[in-house]
Amino acid sequence: MRGSLAGQDQEFVLDNKTRIIIDAGVPKQSAIYDEALGMIDNAQEWLVLTSQYFAPGVGTQALARALARGVKITYYYSHYSMHGPLEGPIHGVAQWGLKQRLPAALFEKRLPRGVHLHAKLLATEQGAMIGSHNYGDLGVQLGTAEIALQRDDAAFAKRAVAFIEKQITDATNDRH
């Protein structure tokens with residue numbers, strides 16, 4: 001991807017509310033992550049985030065700042081055990097360390113063992129972003145190529161959240 005985009009992240013405007021953002025895969029460069037941080041910083045009322053991991057780094061600090069501003073945050077992420085026998089324990093230790101430093105409210109929606117979440121959604125009262133980015137520092141540091149659809153539309157954001165929460169509810173209920 002890096003070569004085909006000449007090392008430059010790309011943005012394609014679809015209409016006055018919607019754009020596609022592509023990260024070229026350059027280490028320490030991510031237009032998607034920058035946009036995600038901006039969305040978190042601009043959230044005023046609520047924010048919903050889904051990821052396969054509880055992603056550490058700058059994003060968690062932005063979430064903590066949003067909580068301090070009074071933003072209601074719902075962060076859905078998979079239980080660390082869902083990441084396999086080698087990667088899982090590493091994530092478990094990382095989550096334990098983060099729980100010592102970050103507000104407990106960020107950890108309330110960890111999914112139960114057996115329910116794997118791979119969806120990546122960041123939604124606020126202003127709009128939503130859906131794509132392949134985990135909204136964490138590691139992919140940015142490594143330079144992973146990613147894509148996202150970002151739409152500045154409150155109704156779209158609410159529909160996206162309702163859809164993902166239904167999927168989570170159904171998966172959790174199917175487990176029992």
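Let's start with the largest pocket, which has a volume of about 330 Å³. A pocket here is an open set of points on a 1 Å grid over the protein atoms alone, with protein on both sides within 12 Å along at least five of seven lines, and lining residues have an atom within 4 Å of a point. The volume is the space filled by probe spheres set on those points, which are joined across faces, edges and corners. This is a predicted model, so local features need pLDDT of at least 70 and side-chain atom pairs count only at pLDDT 80 or more, while totals for chains, interfaces and linings use all residues. Residues are numbered from 1 along each chain as its sequence is written, and side-chain values use heavy atoms, with hydrogens and water left out.

Which residues line the largest pocket closest to its centre? Of the 20 lining residues, those are Tyr53, His91, Asn134, Leu138 and Gly139. Helix 3 (87-101) and helix 4 (137-142) each supply at least two residues of this lining. Helices (H or I, at least four residues) and strands (E, at least two) are DSSP runs, numbered from the N terminus.

Now for the strands. Strand 7 (residues 146-151) pairs with strand 2 (residues 18-23) in the antiparallel sense, over 6 bridges. Two strands count as paired if DSSP finds at least two bridges between them. Follow Arg19 across and you reach Gln150, its bridge partner in strand 7. Strand 6 (residues 127-131) also runs antiparallel to strand 7, joined to it by 4 bridges. There, Ala128 has Arg151 as its bridge partner.

Next, the greasy part. A nonpolar core is a set of buried Ala, Val, Leu, Ile, Met, Phe, Trp, Tyr and Cys residues joined through side-chain atoms within 4.5 Å. Buried means under 20% relative accessible area, exposed over 50%, and partly exposed in between (1.4 Å probe, protein chains only). The largest core has 29 residues, and Leu47, Phe54, Leu63, Leu122 and Met129 touch the most other members. Helix 1 (31-42), strand 3 (46-51), helix 2 (58-68) and strand 4 (72-77) are the elements giving two or more residues to this core. Helix 1 gives the most, with 6 residues. Take Leu63: leaving out residues up to four places away in sequence, Leu63 touches Ile40, Leu47, Leu49, Ile73, Tyr75 and Leu106, where contact means heavy atoms within 4.5 Å. Apart from this core lies another, of 15 residues, with Trp46, Tyr76, Leu111 and Ala160 among them.

On to the charges. Side chains of opposite charge can pair when their charged atoms come close. The structure holds 6 salt bridges, each a side-chain nitrogen of Lys or Arg within 4 Å of a carboxyl oxygen of Asp or Glu. In one of them, Arg65 meets Asp41 at 3.2 Å, N to O. Arg65 lies in helix 2 and Asp41 in helix 1, so this pair ties together parts that are 24 residues apart in sequence. Arg65 is partly exposed at 42% relative accessibility, and Asp41 is partly exposed at 34%.

Lys166 and Asp170 form a salt bridge too, with their closest N and O atoms 2.6 Å apart. Both lie in helix 5 (residues 154-175), 4 residues apart, about one turn of the helix.

Arg19 is buried at 15% relative accessible area and forms a salt bridge with Glu11, the closest N and O atoms being 2.6 Å apart. Glu11, at 46%, is partly exposed.

Definitions and conventions
1 Å grid on protein atoms, 1.4 Å probe; cavity = no way out; pocket = protein on both sides within 12 Å on 5 of 7 lines; lining within 4 Å.
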